[in-house]
Amino acid sequence: MSRTQLIAALRSPVRPTVSVEFFPPKDAEGGVRMLKVAATLKPLGIDFASLTYGAGGTSRDTTITYGAELVKMGIPLIGHLTCVGHSQAELSAIIEQYDRAGFSGILALRGDPPKGQTDFVAHPEGFAHAESLVRLIGAARPGRFAVGVAGFPERHPDATDDLADIRFLAGKVSAGADFVTTQLFLDNDDYFRFVDRAHAAGVSVPILPGIMPVLSLKQARTFCGFCKARIPDALVRELEACGPDEEAQRKVGVSWAVRQARGLIARGAPGYHVYILNKAESAVELFAELRA
Ligand SMILES: Cc1cc2nc3c(=O)[nH]c(=O)nc-3n(C[C@H](O)[C@H](O)[C@H](O)COP(=O)(O)OP(=O)(O)OC[C@H]3O[C@@H](n4cnc5c(N)ncnc54)[C@H](O)[C@@H]3O)c2cc1C
């Protein structure tokens, strides 16, 4: 899928854009599992997949290897890329590899500090912020990639206030980003307040909301703690009502995600990006419910 087609899909008023996020597997067995999940989801009407990029450059090769496999399966791919530990020259080389691997787009990210570090420290010949990476991608391969950036409905944890955070988001879009994918959130009001702030700051590109069917209360607390997303009390109550029954909790997670996705589309979101955690079951149920 070309950049133009991907952007057209994101902007289509006819049907919502649906994407799913994978992370690169740690070993060959995980790779087989991941590609099986991709094969299961492909016929369900996903527009594209995205594949994360690990901190410290650890999964550079696996993002390219498995991204290329997804492309070969006919799944348009957005490869994530972070500034962590990379010089500009290294980032340029990776952009070239993404080009050769047939990726449709790049999600340009700063990345989080590597394990053991609290603050982000830019490579001496690299970038301190995602905005510079957006510019590099545009300069290295003009018009080749659909370029996405991250947005944070509940504000980026390092940001001092909402306005500053949105100003920086607007900076990434002015630098050339074609769309925004958001951090996961579990309360749609957080997304719509974020979209209002973004529009007020002049951001007019599609803002694709990120949702995650939670697997259990324990998993949600761990994951949301990591990305600083709030778990609404109503969801906690629904999950707690299941007691220790993990399958019942997973079903609650799917049902919450279905209600979120319906609410998002009803109020004008361009689609939804699903954090599937490399698992098919909840995503299959989510898409089936939404089709019904
Ligand atoms: C959809 C999505 C996908 C992700 N995928 C990955 C992944 O694959 N790999 C990974 O390691 N991480 C990933 N992350 C996590 C992300 O890398 C971290 O959240 C990181 O801390 C911020 O990245 P960013 O691109 O938003 O950074 P930036 O946009 O650079 O922002 C980082 C912080 O700096 C501030 N800021 C931005 N620009 C400026 C500026 N010009 N001057 C001063 N301050 C500024 C922002 O307000 C923010 O507080 C993802 C996040 C999301 C939402």
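Guide: A residue is buried if 20 or more other C-beta atoms lie within 10 Å of its own, exposed if 12 or fewer, and partly exposed in between. The structure above is a predicted model.

Visitor: Why is Ser87 called partly exposed?

Guide: Ser87 has 15 C-beta neighbours inside 10 Å, and therefore counts as partly exposed. That count lies between the cut-offs of 12 and 20.

Visitor: Where is Ser87 found, and which residues does Ser87 touch?

Guide: Ser87 belongs to the loop between β3 (77-82) and α4 (88-100). Not counting residues up to four places away in sequence, Ser87 touches His123, Glu125 and Gly126. From Ala68, Ser87 is 19 residues away in sequence and 23 Å away in space, C-alpha to C-alpha.

Visitor: In what order do the eight strands close into a barrel?

Guide: The order is β1-β2-β3-β4-β5-β6-β7-β8, with parallel pairing. From one strand to the next, the twist averages 25°.

Visitor: Which residues touch the most other members of the largest nonpolar core?

Guide: This core has 82 residues, and those touching the most other members are Ala49, Ile106, Ala108, Leu133, Val134 and Ile137. Helix α10 (residues 246-266) contributes the largest share, six residues. Leaving aside neighbours within four places in sequence, the contacts of Val134 include Ala108, Val147, Val149 and Lys172.

Definitions and conventions: Residues are numbered from 1 along each chain as its sequence is written. This is a predicted model: local features need pLDDT of at least 70, side-chain atom pairs count only at pLDDT 80 or more; totals for chains, interfaces and linings use all residues. A nonpolar core is a set of buried Ala, Val, Leu, Ile, Met, Phe, Trp, Tyr and Cys residues joined through C-beta atoms within 7 Å. Helices (H or I, at least four residues) and strands (E, at least two) are DSSP runs, numbered from the N terminus. Two residues are in contact if their C-beta atoms, placed from the backbone, lie within 7 Å. Two strands pair if DSSP finds at least two bridges between them. Axes are lines fitted to C-alpha atoms, for helices over the stretch in contact, and angles run from 0 to 180 degrees between N-to-C directions.
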